[in-house]
Amino acid sequence: MTHPPSIDDESLIAALRLSGGRDPVPAHVAAAAQAVFGLRLPEAVTARSTVTTAPAGIRSSDETRLLRFAAAELTVDLEVTSMDGLVDLAGQVSPPPEAGARVEVRTLHLTEARELSPTGQFAVTGLPPGWFSVVCHRPEHSSVATSWTRIRL
């Protein structure tokens, strides 16, 4: 005979309050959930974080962080540095997209757009630390968005 999973009294009371509507979701939690839902890009392909190392011959410091995100047909490399409590991103999209491509660096509170150079490079400075995502918009192709990543100082 199997027994149902046990639950402690505190968890049971919390579950009963939630089911009875006596402990509603706080307004700030609902507002944050709606704001995050608005940042979704359902039509975009997601580039997932992959392992990367500094290329040979590149000087690195403890303050520099390298990140790589890869999708089937596009890679986004980011160099993350911080200064005075703000974050700077220098990026490279590979292979370089066609003319008219641009990137958006999105945080929970702001979006910075940049045109890509012919070699696929871009930079954004002065971002607040926290969650960010980079979206590459390409003419006649699906957008590619990196997974959300948290930068802590």
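Predicted model: local features only at pLDDT ≥ 70, side-chain atom pairs only at ≥ 80, totals over all residues.
Trainee: Where is the place of G100?
Mentor: Look at the strands on either side. One is β4, residues 86-94, and the other is β5, residues 102-107. G100 sits in the loop between β4 and β5.

Trainee: Is G100 buried or exposed?
Mentor: The relative accessible area of G100 is 54%. Exposed means over 50%. Therefore G100 counts as exposed.

Trainee: Which residues does G100 touch, not counting residues up to four places away in sequence?
Mentor: A contact needs heavy atoms within 4.5 Å. Leave out residues up to four places away in sequence. That gives E115 and P139.

Trainee: How many bridges join β5 to β6?
Mentor: β6 covers residues 111-115 and runs antiparallel to β5. A hairpin of 3 residues joins the two strands. V105 stands opposite E112 in β6. The number of bridges is 5.

Trainee: Which residues touch the most other members of the largest nonpolar core?
Mentor: This core has 23 residues. L78 touches F122 and V134, among others. The residues asked for are L78, L89, V93, F122 and V134.

Trainee: Which residue lies over the face of F37?
Mentor: A charge over a ring must be within 6 Å of the ring centre. Here the distance from the ring centre is 4.0 Å. The residue over F37 is R40.

Trainee: How many aromatic pairs are there?
Mentor: Ring centres must lie within 6.5 Å to pair. By this rule the count is 0.

Key: Residues numbered from 1 in each chain as written. Heavy atoms only, no water. Helix = DSSP H or I, 4+ residues; strand = E, 2+ residues; numbered from the N terminus. Buried < 20%, exposed > 50% of the residue type's maximum accessible area, 1.4 Å probe, protein only. Pairing = 2+ DSSP bridges. Phe/Tyr/Trp six-rings, centres within 6.5 Å; stacked < 30°, edge-to-face > 60°. Lys NZ or Arg CZ within 6 Å of the ring centre and 35° of its normal. Core = buried A, V, L, I, M, F, W, Y, C linked by side-chain atoms within 4.5 Å.
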